[in-house]
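Reader: Could you walk me through this model, a piece at a time?

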Amino acid sequence: MALENPLLPYIATITKVIDETPDVKTFQMVFDDPEVFNVFKQKPGQVAQISIFGVGEATISITSSPTRTGLLEFSIKKVGRLTSVIHQMEPGMKVGIRGPYGNNFPYEMMKGKDLLFIGGGIGLAPLRSLIDFVLAPENRQDYGKVEILYGARSAADLCFKYDLFDNWPKMPDTQVYVTIDRPEEGWDGHVGFVPAYLEEINPNPANKVTITCGPPIMIKFVLQALEKMGYSEDQVVTTLELKMKCGIGKCGRCNIGSKFVCVDGPVFTLRELKKLPPEF
Amino acid sequence: MKRLFEFIGFEPGRFHARWISGSEAQKVVETAKKVTEEVRALGPNKKMRDDRC
Amino acid sequence: MRKGYILKDKLFPWLEAIRAKYPLIAPVQEDGLSLFKEVEKVSDIVLDYGITRMPPKDLFFPQTEKMFRIKNKNNMAVELETPEKITDEQVLFGVHSCDLKSILALDPVFTTRFPDRYYQERRDKTYVIGLSCQKALPTCFCTAYGITPTAYEGADLHLTELGDKYLVEVVTERGERLVAAVPGVVFEGTESLEAEKEKLTAKVAAEIKPVDITGVKEVLDANFELPLWEKWAQKCLGCGICTYVCPTCHCFDINDFNRGDGVGERFRCWDSCMFSDFTRMAGGHNPRPSKKERVRNRFMHKLKYHLDRYNLVGCVGCGRCVQRCPENIDIRAIISDIKGGV
Amino acid sequence: MLKEKIKSTVSSLLENKQVDFVIGYGAGSDAGTVRPTFVKAVEEVQELIWSPFAVNNLAKYVMDHLYENIKIGVIVKGCDSRSVVRLVQDKVFPRENFYVIGVPCKGILDKNKVARDFDLSGEFVDFVEQGDNVVVKTTKGDITIPREKYLMDKCYRCETPTPVVYDVLLGEEIAPFRRDNYEDVKNLESLSVEEKSKYWDKQFEKCIRCYACRNVCSACNCRDCVFDMAEPNWVGKAANLSENTAFHLIRAWHVAGRCVDCGECSRVCPMGIPVNTLNRKLIKDMKELFSVETPGKNPEQGAVLGSFRTDDPEEFM
């Protein structure tokens, strides 16, 4: 939807801050003008530009599913200037949001299929918008079995613990696999890197789509593992993260070859990805 | 620094640099007074003003 | 298209009549540089300026542009004020064919898919008057892209000096409006001028050192890796000259200026894909980590990516980057290397 | 012929594996321009030329190879050789990784000055010196240029026509025959406060913040430059007079005591800002205050602002 001025953010208020890990917080936000929710219609996998006024903007994926109306959630890892400032913000404070930008996970194409989500670290945040979308009661019958494979460096670094250990495992026909990189005291779950765990589980590619997001090195080995297991390039969907500024295909920063990640991405199938120059 | 400031057109007296030890309280006071007086006499600085907003 | 003429000695009075009505931006000579500047006296306008140091894109996409004013009270209350009006109607005079074409190359970037309000308003409110070249510079190579040195595409009105007259071509409806608003163009008997213009076109085109771009796009389509990128990148200093003097480069950054008391503004300013931090992410990852990737990106944008996206050339052969590159990285030589596949 | 000497020297350096590659000059787009050329193999040596327009300071390029176990040959003129000294003194690039090919130089022609009076649009073929004239042979004919009339401004005040450091010197040593009396700086100093301010405001207003002056500078060797930093945001990215002035002041101070006055910053500026004059003001002051030489001129002299003598003037006490 075209705004009159796409570079002007909507003002929103932080309503809740959830500590996910030592360096990740999830922010619930609500537009100050409730009418904005009628025009800001995000689809799973899209991103938004979050403003802190006087500081700047950062591109953050929308982690809440569109099926949860009346709020938006953003899980933000403290890595840079803006994210450090937002980590100090509290409920009641004002931010700006513009978007939604980019394409979305191909949830129509996924209908009738089993879904395998593979995430690492903060990479679960964009996947979560689609997980909650397909697990929502109104959509659940459209999709087959849902498997979620997720890993982080340590137990403390696992995002969305309430979903991983509580909400999602309770859902019908849903399986959650969690792993951490190194053994640690008090952890009786799986230990090892995500790609290795994936090969252990060895999920059958028949009628399945995998959706993966995580650090570049994880994605690289996950893609290799999936190809080895016989997944076709169309069965593998990933979402990329590049530095963005405008979000609207003009500022020239997030291009990979002729494609702009902010409008042509961030979601690509492995087939599309292989057509792009290796510059991401 | 002072010399380059003046080279690009800041008024002499707009910028001061003084070496003052922590024990020289009197010198701090005197210097602050002198700098304030000199700068006040020069009036508001016009160079390098960022008049945005 | 309507055609008319202005007698040569009536040109400046006509421009003065325009200037009396609108801000007039035209090539002037200032401190040894020719630049498009708002003129106070039409006599300051330089007609045989060769090429301006900076392209006219600044008129539509200023180097630094305030987007909105911010009043932020400790993040508890925020007010944003967008400017009511971005610009008044203005006239840009004296744009050569390469630069005219570059405006057309920028248009789809800013006006399609999420139209950019700032660019759009400046574009809508600017009458562009083109001016044919009378001679070519050693760095000119517009003809490589099928642009003729007298082409009017991109102008609203286009002028060509021919003997004691200027041929006036009214290219767009906006041009018609300007002609109606400022009388002075005589609409009769231009046949001989048109024939003269053809001769001028051939004369100037013949002065241009030929550059052949056939096959360049195909080589780039097929090869992302070519040894030439490393060869040229090692000469590159990584400054932003080529991108800032380029009429079709449109990269920008968005930043906030903060006065300190919560009042500030959000502005955008030109940025350059040649800068090392351009694509560096907050976490440190950089998809274009070395000069090789950055140099490749710039020339791929000029010769391939812009064509892929908008079916328009990303280079118009103005030669500014050739003139200004401190280390003589010459896109014409790169084109020839690409053709040679080296 | 200097060109032949350069070629044979570089050939033997490469053949004997004394260097990994050599940075020299190749032919540029027109007769008045040279292009830095990186020669890695003997076959490529033919690309090297010598030209009276060979102005570029090539020493900067070694900074692309920091921390590499590499030996780089660099062709330097007197002015450029000061960069080599400073790079070594600052421990940016070790002396043993340099192979310095020195070229004595009576002055480089300013292509902008020459182009006003002569047609330089042909390709460079060769040149010969005939007394006080330089005859440049181009594909569009020969041009006879009286040298003294068309030199780069910096060459009229050159005090090091022979490189101050080299591993091999190609050609006869030239004894210093000019003096730098900082006329350009003095002229500006003599202006009133208002005139100075107006002059520099006009210059800084033109700045497009392309950072070419920084990137070409052999004294600009920080891994992360303050001008690229968003946090802390020392200088805003907006191009306006205030931010531009801050940029130029910080840049000049930052290289104070390290700037070798090679003049490249002024040469590359696309807007014709006399960037180097700020540095020269600082050098002139340092010379007056501390009785030192231009940085890099005397390999024995350490960093000017990095050393302390008890008799240093103390204007700030």
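Reader: Where in chain D does D:Asn97 lie?
Author: This is a predicted model, in which local features need pLDDT of at least 70, side-chain atom pairs count only at pLDDT 80 or more, and totals for chains, interfaces and linings use all residues. Residues are numbered from 1 along each chain as its sequence is written, while chains are lettered from A and ligands numbered from 1 in the order in which they are written. Helices (H or I, at least four residues) and strands (E, at least two) are DSSP runs, numbered from the N terminus. With those in hand, D:Asn97 sits in the loop between α2 (78-89) and β4 (98-102).

Reader: Is D:Asn97 buried, partly exposed or exposed?
Author: A residue is buried if 20 or more other C-beta atoms, placed from the backbone, lie within 10 Å of its own, exposed if 12 or fewer, and partly exposed in between. D:Asn97 has 18 C-beta neighbours inside 10 Å, so it counts as partly exposed.

Reader: Leaving aside neighbours within four places in sequence, which residues is D:Asn97 in contact with?
Author: Contact means that the C-beta atoms of two residues, placed from the backbone, lie within 7 Å. Outside its sequence neighbours, D:Asn97 touches D:Ile70, D:Lys71 and D:Ile72.

Reader: What percentage of the residues in chain B are buried?
Author: Chain B has 2 helices and 0 strands. Its C-alpha atoms fill a box of roughly 40 × 25 × 20 Å along the principal axes. Of the 53 residues in chain B, the buried share is 9%.
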